Amino acid sequence: MKKIGFLSFGHWSATPGSKARSPRDALLQSIDLAVAAEELGADGAYYRVHHFARQLASPFPLLAAVGAKTKRIEIGTAVIDMRYENPFYMAEDSGAADLISGGRLQLGISRGSPEQVIEGWRYFGFEPAAGESDADMGRRHGEQFFDLLNGTGFAKPNPRPMFPNPPGLLRIEPYAEGLRERVWWGSGSNATAVWAAQKGMNLQSSTLKKDESGEPFHVQQAKQIRLYRQAWKEAGHTRTPRVSVSRSIFALMDERDRAYFGRDQGEDQIGQIDASMRAVFGRSYAAEPEPLVEQLRQDEAIAEADTLLLTVPNQLGVDYNAHVMESILRHVAPALGWR
């Protein structure tokens, strides 16, 4: 394992016990948690994107703010639902956020997940093309965005512009050098992992995937990662790809930890994502540091990945989540080979 970061869904609700009671709370605490994670030595601050929900939704203002407040930590998403995105405007926003952060952006994108509303992307002005599904549209948007990050000119300049143009066709500005190599595809199946490898994107594999063999989640996910790496090699890409997995992991260090997570059963679950997809959901891990290390050593997918994202209970507040990360970084991660 080379890198460890956190993944926040940015929930907010004015309910008893919640430290994030408003969208402002969720956004500002997301920034503060990234600052705290950097101070603790963590490698990444990642955020989930959900529309029409009391969660984080518009990633680029947040990513730019985190980039301005931190100096070293990677800043990313896991994932942006590309069914909702204009690839051209997104290329501008991501370029600006990456430049503000000094080239630390790690963008996880995907075709999307089940939503709060029916066909929410239609409200954003998007419609699948003839013969396309919404998933096809999301992948098409993702490919288009990925291609725009090449920085190749494609737009014919005005012969009488307001400001002087460089010669030739124009590209999206601002252009962020190297950002294209820091785009990840969030994959929920073996086939989409292979597709991502063929396209040259890094791989994000989450806490669930399509149940394709009936085996334990971590075994299926490890096989998915190996298929991805084989497809990457066969595609002839020259750089080394990155792979992340997400896990809910809690080291039980004190009575607070035991009260919150000590009763966790720690077993995979099976569920139906939509009418066509039976999914296996990975277990959570919660134990004292020594047995926790032993449990994590048995997780084949963690062993296969180079990056581990810790899903955090953001509504418990910045201080408690900093404690959760510190417990893992100090008492668990070194035994797993981190640094």
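Figure 1. His 51 sits in the loop that joins β2 to α2; helices (H or I, at least four residues) and strands (E, at least two) are DSSP runs numbered from the N terminus. The model is predicted: local features need pLDDT of at least 70, side-chain atom pairs count only at pLDDT 80 or more, and totals for chains, interfaces and linings use all residues. Residues are numbered from 1 along each chain as its sequence is written, and side-chain values use heavy atoms, with hydrogens and water left out. His 51 has a relative accessible area of 12% and is therefore buried (buried means under 20% relative accessible area, exposed over 50%, partly exposed in between, with a 1.4 Å probe and protein chains only). Leaving aside residues up to four places away in sequence, His 51 touches Ala 57, Tyr 84, Gln 116 and Phe 124, a contact being heavy atoms within 4.5 Å. Phe 52 belongs to the loop between β2 and α2. Its relative accessibility is 42%, so Phe 52 counts as partly exposed. The phi of Phe 52 is near 60°, a positive value in a residue other than glycine.

Figure 2. Strand β1 covers residues 3-8 and includes Lys 3. Lys 3 counts as partly exposed because its relative accessibility is 26%. In sequence, Lys 3 and Thr 307 are 304 residues apart, yet their C-alpha atoms lie 4.7 Å from each other. Apart from residues up to four places away in sequence, Lys 3 touches Asp 43, Glu 74, Arg 242, Asp 306, Thr 307, Leu 308 and Trp 338.

**Figure 3. Helix α1 and the elements that cover it.** Helix α1 runs over residues 23-40. Its 18 residues should span 26 Å at 1.5 Å a residue, and the end C-alpha atoms are 26 Å apart, so the two values agree; the expected span is 1.5 Å times one less than the number of residues. The buried residues of α1 are Ala 26, Gln 29, Ser 30, Ile 31, Leu 33, Ala 34, Ala 36, Ala 37 and Glu 38. Their cover includes the strands β1, β2 (44-47) and β13 (307-312), and the helices α2 (59-69) and α10 (318-331). Just after α1, Gly 41 has a positive phi of about 100°.

Figure 4. Helix α4 takes in residues 134-148. Ala 135, Met 137, Gly 138, His 141, Gly 142, Phe 145, Phe 146 and Leu 148 are buried in α4. These buried residues pack against the helices α3 (87-101) and α5 (190-199), as well as the strands β4 (105-110) and β5 (183-187).

**Figure 5. Two cis peptide bonds.** Ala 78 and Val 79 are joined by a cis peptide bond with omega of about 5°. Val 79 is part of strand β3, residues 74-81. Between Glu 173 and Pro 174 the peptide bond is cis, and its omega is near 0°. Pro 174 is located in the loop between α4 and β5.

Figure 6. The loop between α7 (255-261) and β10 (269-274) holds Glu 267. With a relative accessibility of 58%, Glu 267 counts as exposed. Glu 267 and Arg 242 are 25 residues apart along the chain, and 27 Å separates their C-alpha atoms. Arg 339 is found in the segment after α10. The relative accessible area of Arg 339 is 63%, so Arg 339 is exposed. Phi of Arg 339 is near 50°, a positive value in a residue other than glycine.

Figure 7. The chain has 10 helices and 13 strands. Its radius of gyration is 20 Å, close to the 20 Å that the globule rule gives for 339 residues, so the chain is as compact as a globular protein of that length; the radius is taken over C-alpha atoms, and the rule is 2.2 Å times the number of residues to the power 0.38. The C-alpha trace spans about 70 × 40 × 40 Å along its principal axes. Of the 339 residues, 51% are buried. Among contacts between residues at least 6 apart in sequence, 73% join residues at least 24 apart.
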